[in-house]
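Please read it alongside the model.

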Amino acid sequence: MINALGAPQSVLVLGATSDIAAATVTRLAAGGRLHKVVLAARDPDALSLVAEQVQALGVPEVVQLPLEARDPRSVEAAVSAAFAGADIDVVLVAIGMLPDQQRTLARPELAVCAAQVNFIGAGVAALHAANALRRQGHGVLVVLSSAAAERPRRSNFVYGATKAGLDALCTGLGDELHGTGVSVVVVRPGFVRTKMTAHLPAAPLAITPEAVAEAIATHLTVGSCTVWVPRTLRPVLSVLRHLPRPVFRRLPV
Amino acid sequence: MAERAELLSGWGRTAPTCAFVFRPRTTAELAAAVATAGPRGVLARGLGRSYGDAAQNAGGWVLDLAHFDSIGPVDPASGQVTCGAGASIDALLRRTVREGWFVPVSPGTRQVTLGGAVAADVHGKNHHRDGSLGAHVTRLELVDGQGELRTLTPADELFRATVAGLGLTGVITTVSLQMIPISSAWLAVDTRRTADLEETMSALADLDARRRYSVAWIDCLAGGTAVGRGVVTAGDHLAGDDIDDPLAFAPKQRASVPALVPSGVLGRRRMALFNEAFHRAAPRSADNVPTRGAAFFHPLDALDRWNRLYGTGGFVQYQFASPDPASIRAVLEALRIAGVSALLGVLKRFGPGGDAHLSFPLAGWTLAVDIPARTAGLGPALDAADRLVVESGGRVYLAKDARMAPDTVEAMYPRLADWRAVRAAADPRGVFTSDLARRLRL
């Protein structure tokens, strides 16, 4: 059970090899109640590495599960395996990939893969997790969306489109689940310095995975909500999305 | 059976979870609900005055015993009364005070059910003299984990596991209680205004020797040496010979707090001002002031739903008991160093503990502090307080807990293993559970 001060005892991470996921588990372990962490990811070697790191945090029970985000049945199997033993207090959906935009435009089949992972895989994971949380009557579903979901930029709109789909799905899901004891936290980080973005020049207001983790940890007891990291992105994106398109087009973003 | 899904939280309004709430009409219906319980179990819930998650059962069933609200006549010779577990202390007092009977132990609110009061083994301002409620319960009826109705007396091991058992040994359906005779609904009350913690503690010890009831409100926000200054009140039931209609008892709710109060209304500064005013308003010393029972025992009951004052973020009440008087100052100091502001503090002396396995009171002192749940650094600060409490041989009140760690409970409640054994025998299928039981792995 998550306690009154927002410290969970059990966490399921889908897409566990993400840097934001690792930072989040570290932050949640600092609450001093974390007893069980279930980690699901595609790459078994990278996954065992993460599992070792989580064990080193002093979490007594660490479980590893295989996960192929492009296969909805694999996603479903991972979620039901994670919930089979006992309650899960927090589910973090960190499934995601960043497609190379130029290559995707040249080869649209790459966009299929991005949509399969970022929208379908993560979306199905959220839906299955929501059902499992509803059955246990409590829990928080944290979904990593992106500021790009609010207003995709010219340089990343394929990624933005997949995140926009996921964001819409999970925002609606949060409203649907109101009053069920289950809340959905939709996280919209800006540019986060991770291995996923290591090859890119940092955008303005760039942040660390730890900042995202901190924002997640402080929003586990407030009910369904949308969390911007950093918070200043919200007014910035709000302005950007209302700019006339001829103006937005000329911006160097 | 007509049940509905409902979002439930404790009085502190933190960590709400969803359960199917069902109101059985008869013991047979109740027993059937227990016998057919699903994998997420069953729990009885009273009026929701536990501060934390003791009366929640996420995803499972919650039994509301509103229909078990009978209040038997008080036997004029013995003073015993048998009530449905869903009857409240409020309802009981409104019935019996007029006939000259008072509850042997009254918590700070009348708005608790008798079943809940037994399950928490509540204490009152007379603990130093009369012990907790369990000591005055003569008989219980309990539906156990097999759906069987059992009658328990203080000689039964299961009785001692059910008192303070947090509803985890079964569903209490009736409670028989030894009432105390009174000749008025009034008390003779002494008041002492104190300048610091030391003076508060010595005034309490001093008044305890003379008075049946005593308690101290303390100011945890006062700076420097003034921390722990307070107002000590102590009293006894008044004969009431010169009072008009001495047994009249009809306390009213004066106001109700609206549903939407923003968090932070009870901020540190505002509460410090309130504390200052409250402290100054108290007489330096007054003796034998006639005071209505409701105002003395249950002052906060006049303000309906006062828990909403803490806003949507809710609050936690941290109450611990310790044999070591120094632990009171140590915990207050630890909270102060962590930058945690306890807005309200209540200090009291305890007499010897009872024989229920998980009963909270133990001979020494108890301090309860209210803190907004969204206070920065509160988790580590209270964990540090837990360590101080354990080191001093004390414990935290489970019926109020919303944040402790499972291992800490083992250290605080040495009879936990005995309790688990009795519980396992009474509920072999593990039907009875709660969010608190899951969180603390009871």
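Which residue in β13(B) is the bridge partner of B:T194? The bridge partner of B:T194 is B:G230.

1. The model is predicted, so local features need pLDDT of at least 70 and side-chain atom pairs count only at pLDDT 80 or more, whereas totals for chains, interfaces and linings use all residues. Residues are numbered from 1 along each chain as its sequence is written, chains are lettered from A and ligands numbered from 1 in the order in which they are written, and side-chain values use heavy atoms, without hydrogens and water.

2. Strand β13 of chain B spans residues 230–237; strands are DSSP runs of E with at least two residues, numbered from the N terminus. Of its 8 residues, 6 are buried (under 20% relative accessible area, 1.4 Å probe, protein chains only).

3. Strand β11 of chain B (residues 186–194) runs antiparallel to β13(B), with 8 bridges joining the two. Pairing requires at least two DSSP bridges between the strands.

4. Strand β12 of chain B (residues 213–218) is likewise antiparallel to β13(B), through 6 bridges. Here B:W217 has B:V231 as its bridge partner in β13(B).

5. Over all chains, the search of the whole structure returns 0 disulfides (pairs of cysteine sulfur atoms within 2.5 Å). For A:C225, the closest cysteine sulfur belongs to A:C170 and is 13 Å away, which is too far for a bond. B:C18 is also in no disulfide, the nearest cysteine sulfur being that of A:C225 at 19 Å.

6. Both cysteines count as buried: A:C225 has 18% relative accessibility, and B:C18 has 11%.

Technical notes: Buried means under 20% relative accessible area, exposed over 50%, partly exposed in between (1.4 Å probe, protein chains only). Helices (H or I, at least four residues) and strands (E, at least two) are DSSP runs, numbered from the N terminus.
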